[in-house]
Structure formats: C-alpha cells, structure tokens
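Please keep the model in view while reading.

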Protein chains: 2
Amino acid sequence: MTIPRAAKTQRRTRIQEEKEEQILEAALDVFSVSGFRGSTIDQIAEVAGMSKPNLLYYFRTKEAMHRALIDRVLFTWLEPLRAFDADGNPESEIRSYIRRKLEMARDFPRESRLFANEMLQGAPHVEDELKGPLKQLVDEKAEVIRSWTKAGKIAKCDPYHLIFSIWSTTQHYADFDVQVRAVLGQEHAGAGRFEDAARFLEQLFIDGLKVKPVPSAS
Amino acid sequence: MTIPRAAKTQRRTRIQEEKEEQILEAALDVFSVSGFRGSTIDQIAEVAGMSKPNLLYYFRTKEAMHRALIDRVLFTWLEPLRAFDADGNPESEIRSYIRRKLEMARDFPRESRLFANEMLQGAPHVEDELKGPLKQLVDEKAEVIRSWTKAGKIAKCDPYHLIFSIWSTTQHYADFDVQVRAVLGQEHAGAGRFEDAARFLEQLFIDGLKVKPVPSAS
DNA sequence: TGTAATGTTTACCAATCGGTCAAATTATCG
DNA sequence: CGATAATTTGACCGATTGGTAAACATTACA
C-alpha cells in the first residue's frame, strides 16, 4: 500500500506530530491575517517551509487545515471564561478575568484575529460551536453573574452584555492593534501600553459595576 | 478617441455617478465580508449586476475600488466622534456618543466590518489615514476628555483607552453579530437587543466614570 | 438627424488557485 | 542488511483570478 494517508493512521508518529504542529503554526500566521478565503495553501506552505503537496499530505484540504486550527485554538481561547469562579469574590473574579483576557490579546494576537476574521465572515465554519458549546458556557457564567447582581454584590446589569463588553474591549488590543498603535503613536508605545489598558479597563468595569447607593429622600 | 477612461473625465455624467454608486454599494457588500484579498471582482460584478469589464471601466483595478470605498466610508464613520462637543456636559456627551456609535453599528454594519477587515489585515491600504487625520482627531478629542477629568467633572482616566473601549464595545455588535446572535439565541432576539446593549453600555460608562468620593479618614 | 464621445460586452490572456499523481526519498524495524 | 511503510516533491490539471483588447451599443448634443 502506498498511501495510508496520515489522517487515517492509528498511531501518530513523531514526524506526524511535528509536521502537523509546524503546518498549523504557519496556517495561524496566514489565516489570522487574510481570513479563510484570502489565504492560499501556497502562502502557508512557504511560511511552513515545506512543499504544497506535503501540506496536503497531512491535511487533505484547505478547509481541513482551517478546521483543525480553529478546533485547537477555540478550546484554549475559552480557558479564561471557564476559570470564572462562582464562589469567588465578584470584584476580584471580574478583575482577573479582564487581566487574563488582556494577557491573551497581548500574547496570542493571532488567535484573536483568527476568530475575528471568522466572525466577520459570518462564522461559516464554526456556527455550530457558537450555538452549542460556546452558548452553553456563556449561559452558565451569565447565571453566575446574575446571582451576584441579585445578591446585591454588584450593580444590576445584563450579564450577557457585560461579557460581550469584556470580550470586545480586551480583544480590541489584538484585533485593532494597527489602529491602536497609529493613534497612540510613539509617545505611548512599548510595554507601558498594556498596563495602561489594564488599569483603565479594571477601573471602568469595577467602578461601573459597584452597587449604587439607593438615593434617599430629598 | 475610443477609451477616455471614466476616471479621467472632467465632468462626471449622470451615468457615471449612478454606476459608480452601484458598484461601490456592491463592493461594500463583498469587501465587508471577505476582506480585500478574499473578495473577487467577479463577485462584486455579480452583486452589482454588471459585467466585470464594466466595473473595470469605472475603477481601473480592484485596489482602486477598495480605495474609493474606504475613502468614502471613513469620513462618515468618524462623524460621531467629530460631533463630540468640548463645551457640552460630559455625561450627556459621552452618553450620546455611545448612542450614536451603537446606532451606526446597527444601521451600517457593513461599513463597520469593512474597517474591521482592513484592521485585521494590518491596514495595508489605510495606514496613512490612521496616523494622520484619525490620530489628529482622536488627539483633539482626548484633550477635551482630559480637560474634563482635570476639572473633576468625570473620574480620572486615560482618554485614549476610554475612546478605544467605546469603539470596541459598540462596533462589537456589528463585527461579531453572528456570535452575539448565537450566544443570545432566540430568547433575546429582535429589536430589544439594541436597547439592551444601549442601556448596559450607558450604565457601564456613566457609572464607571463618575467621580469617586475621596475616602475620608477612618 | 448625424456623429463623436461614452458606455458595455464578448472573447481572451497570463498568473494563480486548490488539489492530484506518480515517482523519488527517507524512516522504521525484523 | 533488506524490505516495507511513511514521507516528500516536481510536474501537472482544470478552474478561477485580475485585467486587457477590440468590437459593439448607447448616449449626448450640434
């Protein structure tokens, strides 16, 4: 037998793991910038440093590569939300969630852009994951937040939109990095930018969610 | 003379205006979903309901079409920020800025996605506009906000990151519309979604920016 | 109306696209 | 070692890409 396609093998060899890793790494580079339609196998092959047919030996189609990449990244991407603890102190939980999301935007901007690209295109490849596992996780955490508002631990607010606003503000620093850099210019460049953003967002969300004193008569 | 290209004409005819409008409308449809690289002239031609060479009669290249589209959209897109009034009441200015941005995300989601796509790709076609006119406008408005914080009218905060967070939270509802829909599901669907988002964001930013009472001794 | 400028389309081009194939090369293991 | 399976690649395929040439159709206007 000449072609026992890598995907069909029972045990994955050392070479398979290495090469698949190498390919997905390159694919992340390319897909995260140009999206699915705008990326070509040749680009990925060049970045990966291997021939195009070699890529297609490990992933049968461009779509299979994209699929595998999204699946792998989606799990780790939701890690911070999963860590959200119902029993913790609301203020510190929200604070550390923002921190973690912001760190991910800083340390894994390509992953953030990969998803952003997918969303912009209407999520043709991941709509099921959104409506399934993602929605389920968010529903669960939204319930936690709602219990906090009902207990008077934080201000009354829509938990879903709270989550959306944390997602958007933090991921903005990865997805719109060019714009952020252009607007801030050289004067605010460097490592300080991350700390500035963290400080601002923590202040905004913590103060914005503090329980308001009931206005007394007069 | 056989080919006095439309672009070279001094006076624009009625047909030129109509067709260019028609083309840019279709281009917005396509570019906003697939980005520059992922979009094809054929797609745009089909949406516009005209032949490919006919498009290229009005815009010499795909890049020229994209360029013209961005230029036209960029101006109106910054309108809400331009309306930001230094002499107004801080709270109501911020509130109405959020409102306006959110309305734009609702009414012009394609324009929002067009920019998002461009940013994700590293803004290869608009970096100059970002570093020039955009930065200048933001610098100006940031100074207004800074004067408000110094006067004690709103809480001390970084004005740039405040603007970023308003941009990201509002545009999120256009750019990540699929995700928002998937997570909220049917129960929160419909027109109410917009009002929910507006209520949440106004609360978050207004309360988050209220001046904090100086903690007195003990 | 005539005619010159403007607008539109069919046919086409070279380059690139996703993907295949068979031959060549390398790793694995008895 | 030998042989079998796993890996890699150059050559290639039909379809699609951005764009052109030139013939054809329509409009504007004297």
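Between domain 1 and domain 2 of chain A there are 5 residue pairs in polar contact, both residues at pLDDT 80 or more; a polar contact is a pair of N or O atoms within 3.5 Å, where within protein one must be able to donate a hydrogen and the other to accept it, and residues adjacent in sequence count only if both atoms are side-chain atoms. On the side of domain 1 of chain A that touches domain 2 of chain A, H1 and helix H4 (62-77) of chain A each supply at least two residues, helices being DSSP runs (H or I, at least four residues) numbered from the N terminus. H1(A) gives the most to that side, with 10 residues.

This is a predicted model, in which local features need pLDDT of at least 70, side-chain atom pairs count only at pLDDT 80 or more, and totals for chains, interfaces and linings use all residues. Residues are numbered from 1 along each chain as its sequence is written, chains are lettered from A and ligands numbered from 1 in the order in which they are written, and side-chain values use heavy atoms, with hydrogens and water left out.

Chain A is divided into domain 1 (12-73) and domain 2 (78-208), with bounds that come from an automatic or database domain assignment. The C-alpha centres of these two domains lie 28 Å apart. Their contact (heavy atoms within 4.5 Å) takes 17 residues from domain 1 of chain A and 11 residues from domain 2 of chain A. The count of salt bridges between the two domains is 3, a salt bridge being a side-chain nitrogen of Lys or Arg within 4 Å of a carboxyl oxygen of Asp or Glu. The side chains of A:Asp29 and A:Arg110 also meet in a salt bridge (2.6 Å, N to O).

The contact between the chains takes 59 residues from chain A and 59 residues from chain B. The area buried there is about 5000 Å², of which carbon and sulfur atoms give 67%; buried area is the accessible area (1.4 Å probe) that two parts lose on being put together, summed over both. In chain A, A:Leu120, A:His161 and A:Val183 lose the most area to chain B. The interface has 0 salt bridges and 8 residue pairs in polar contact. H9(A) gives the most to the side of chain A that touches chain B, with 12 residues.
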